[in-house]
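The following questions and answers examine one protein structure. Please keep the sequence and the structure in view while reading.

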Amino acid sequence: MGDPTETTPSDKLHRRGLLFILSSPSGAGKTTLSRKLLERDPEIRLSVSATTRPPRPGEEDGVHYHFVSDDDFDRMVEEDDFYEWAHVFGYRYGTPKGHIREGLKNGQDYLFDIDWQGTQQLKQKDDQDVVTVFVLPPSLGELRRRLEARAQDSAEVIDSRMERARAEISHWAEYDYVVINDDVDECFDRVCEVLDAERMRRTRQTGLIPFVRELMGG
Ligand SMILES: Nc1nc2c(ncn2[C@@H]2O[C@H](COP(=O)(O)OP(=O)(O)O)[C@@H](O)[C@H]2O)c(=O)[nH]1
Ligand SMILES: Nc1ncnc2c1ncn2[C@@H]1O[C@H](COP(=O)(O)OP(=O)(O)O)[C@@H](O)[C@H]1O
């Protein structure tokens, strides 16, 4: 038996991946937070949704969304290609199954920017791997200012997003964590703390690390 006080690279924890969900009313900042997280953290991969909504300026097919036609979406539903899907703002959005199940087993983490309906469906399917974070704006006035500053929607669309914000926020109590996105860097730090702590959750560990196994006599 080796010296159990020696630390070797094989002492790394091995764990299942997790499904990290960020939801918020439109404009609260979940896209901004998601992009920061993907830049910081090479271990988490974005689950790219399919949507029938047209691309916004700067959005790339296959990177931000898979932009598909109504017929394509219908076909994907028929072929059972989605983990979950929902109607949002008059369009359809869905999470393609892809290789998520195999990835989770291999310790791959996935980031989801999906609404409360998708969150409920994923929780029903896989509660143990799902971690949910609700992002609140500091106020409704600030939410409207951000939607206006983003300048990608008409006044009418902004009104409908503000209307829907009330419905979205009414689901915040269904989430594991809540953060307020006032200062974006502070909020991002809180989100990273949640992710880092959840990765260490004992129930995600898939086996004892070698020196612990040796100590336990196994
Ligand atoms: N259920 C579900 N919701 C999604 C999916 N992809 C995006 N959404 C949600 O659809 C809503 C509208 O997204 P989007 O059109 O990008 O607008 P944004 O929230 O203003 O950035 C947001 O609440 C997203 O979280 C998905 O695959 N499934
Ligand atoms: N903490 C913040 N303070 C000020 N503006 C922000 C903050 N977070 C995001 N924004 C801005 O608000 C707008 C909406 O953010 P976005 O990330 O697109 O929201 P969502 O994806 O939730 O709709 C964007 O123009 C973004 O740059």
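Q: Which residues touch the most other members of the largest nonpolar core?
A: The model is predicted. Its largest nonpolar core has 29 residues. Those that touch the most other members are Leu19, Phe20, Ile21, Phe112, Val133, Val135 and Val191.

Q: Which residues does Phe20 touch, not counting residues up to four places away in sequence?
A: Phe20 belongs to the group of core residues that touch the most other members. Once residues up to four places away in sequence are set aside, Phe20 touches Ile44, Asp109, Tyr110, Leu111, Phe112, Val131 and Leu195.

Q: How many helices and strands does the protein have?
A: The protein has 218 residues, of which 25% count as buried. Its C-alpha atoms fill a box of roughly 70 × 40 × 30 Å, taken along the principal axes. The secondary structure comes to 8 helices and 9 strands.

Q: Which element gives the largest share of the shell around ligand 1?
A: The shell around ligand 1 holds 19 residues, and the closest are Ser26, Ser49, Ala86, Tyr93 and Gly118. At least two residues each come from E5, strand E6 (91-96) and helix H4 (116-125). The largest share, 4 residues, comes from E5.

Q: How do the residues of the shell around ligand 1 divide into nonpolar, polar and charged?
A: The shell around ligand 1 is made up of 19 residues. By class, they divide into 6 nonpolar, 9 polar and 4 charged.

Q: Is Ser49 buried or exposed?
A: Ser49 is found in the loop between strand E2 (44-46) and strand E3 (50-51). Leaving aside neighbours within four places in sequence, Ser49 is in contact with Tyr65, Tyr93, Gly94, Thr95 and Ile114. Because 22 other C-beta atoms lie within 10 Å, and 20 or more are required, Ser49 is buried.

Q: Which elements give two or more residues to the shell around ligand 2?
A: Around ligand 2 there are 13 residues, the closest being Gly29, Thr31, Thr32, Arg146 and Val184. By class, this shell divides into 3 nonpolar, 7 polar and 3 charged residues. The elements that give two or more residues to the shell around ligand 2 are helix H1 (30-40) and H5.

Q: At roughly what angle do the axes of H5 and H6 cross?
A: Two packed helices are described by the angle between their axes and the distance between the axes. H5 passes H6 in a right-handed crossing. The axes of H5 and helix H6 (residues 155-169) come within 10 Å, and they cross at roughly 145°.

Q: Which residues in H6 are met by residues in H5?
A: By class, the contact of H5 with H6 has 5 nonpolar, no polar and 3 charged residues. From H5 come Leu143, Arg144, Leu147 and Glu148. In H6 they meet Ile158, Arg161, Met162 and Ala165.

Q: Is Asp80 buried or exposed?
A: Asp80 has its place in the loop between helix H2 (70-78) and E5. Its phi is near 60°, a positive value in a residue other than glycine. Because Asp80 has 8 C-beta neighbours inside 10 Å, and 12 or fewer is the limit, Asp80 counts as exposed.

How values were computed: Residues numbered from 1 in each chain as written. Chains lettered and ligands numbered in written order. Predicted model: local features only at pLDDT ≥ 70, side-chain atom pairs only at ≥ 80, totals over all residues. Core = buried A, V, L, I, M, F, W, Y, C linked by C-beta atoms within 7 Å. Contact = placed C-beta atoms within 7 Å. Near = placed C-beta within 6 Å. Nonpolar A, V, L, I, M, F, W, Y, C, P; charged D, E, K, R; others polar. Axes fitted to C-alpha atoms, helices over the stretch in contact; angles between N-to-C directions. Left-handed = near helix turned anticlockwise from the far one by under 90°.
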